[in-house]
Amino acid sequence: MTIERGLRLIAGVVVLLSVGLGVAWNPWWLALTAFAGLNLFQSAFTNWCPMVWVLKHAGLAPCVPA
């Protein structure tokens, strides 16, 4: 698995989990969805995401351009 795929996997899990918890448990869990969205938004402009650093140090390979 590459860093990019791992990042998309983690973002999707966080969003789905927080929406599920927000609906079933407490609406404040939707703040986690907002945080994930804001982090993705800022990373589009800054090209920096803390989770990429974590995944790189976890040993995931970077995506190699074709």
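The dialogue below goes through a predicted model feature by feature.

Reader: I would like to begin with the overall fold, so how many helices and strands does the protein have, and what pattern do they follow along the sequence?

Author: The general idea is to list the elements of secondary structure and then to read them in sequence order. In this predicted model, the secondary structure comes to three helices and zero strands, and reading along the sequence gives the pattern α-α-α. Helix H1 covers residues 3-24, helix H2 covers residues 30-46, and helix H3 covers 50-57.

Reader: What are the spans of the C-alpha trace along its principal axes, and what percentage of the residues is buried?

Author: The C-alpha trace spans about 40 × 25 × 20 Å along its principal axes. Of the 66 residues in the protein, 14% are buried, where buried means a relative accessible area under 20%. The protein exposes about 5,200 Å², and carbon and sulfur atoms supply 76% of that area.

Reader: Which residues form a nonpolar patch on the surface?

Author: The patch is made of Met-1, Leu-9, Val-13 and Leu-17, which together have about 420 Å² of accessible area.

Reader: Where are Phe-35 and Ala-34 found, and how do I read their accessibility?

Author: Phe-35 belongs to helix H2, and Ala-34 is found in helix H2 as well. Phe-35 counts as exposed because its relative accessibility is 54%, whereas Ala-34, at 41%, counts as partly exposed. The cut-off that matters for this reading is that exposed means over 50% relative accessible area.

Reader: Turning to the rings, how many aromatic pairs does a search of the whole structure find?

Author: The search finds one aromatic pair. Phe-41 and Phe-45 form it in an edge-to-face arrangement, with 5.1 Å from centre to centre and 70° between the planes. An angle over 60 degrees is what makes a pair edge-to-face.

Reader: Where do Phe-41 and Phe-45 sit relative to each other in helix H2, and are they buried or exposed?

Author: They are separated by about one helical turn, because they are four residues apart in helix H2. Phe-41 is exposed, with a relative accessible area of 54%, and Phe-45, at 66%, also counts as exposed.

Reader: How many disulfides does the structure hold, and why?

Author: The structure holds zero disulfides. To read such a result, one looks at how far apart the cysteine sulfur atoms lie, and a disulfide requires a pair within 2.5 Å. For the sulfur of Cys-49, the closest cysteine sulfur is that of Cys-63, and the distance of 16 Å is too far for a bond.

Reader: Finally, what is the phi of Asn-47, and what should I compare it with?

Author: The general idea is that most residues other than glycine have a negative phi. Asn-47 has a positive phi of about 60° although it is not a glycine. Asn-47 is located in the loop between H2 and helix H3, and it is exposed, with a relative accessible area of 72%.

Technical notes: Residues are numbered from 1 along each chain as its sequence is written. This is a predicted model: local features need pLDDT of at least 70, side-chain atom pairs count only at pLDDT 80 or more; totals for chains, interfaces and linings use all residues. Side-chain values use heavy atoms; hydrogens and water are left out. Patches are made of residues with over 30% relative accessible area and no salt bridge: like charges are joined within 9 Å, nonpolar side chains (Val, Leu, Ile, Met, Phe, Trp, Tyr) within 5 Å. Accessible areas come from the Shrake-Rupley method with a 1.4 Å probe; for residues, only the protein chains shown count as cover. A salt bridge is a side-chain nitrogen of Lys or Arg within 4 Å of a carboxyl oxygen of Asp or Glu. Helices (H or I, at least four residues) and strands (E, at least two) are DSSP runs, numbered from the N terminus. Buried means under 20% relative accessible area, exposed over 50%, partly exposed in between (1.4 Å probe, protein chains only). Rings of Phe, Tyr and Trp (its six-membered ring) pair if their centres lie within 6.5 Å; planes under 30 degrees apart count as stacked, over 60 as edge-to-face and the rest as tilted.
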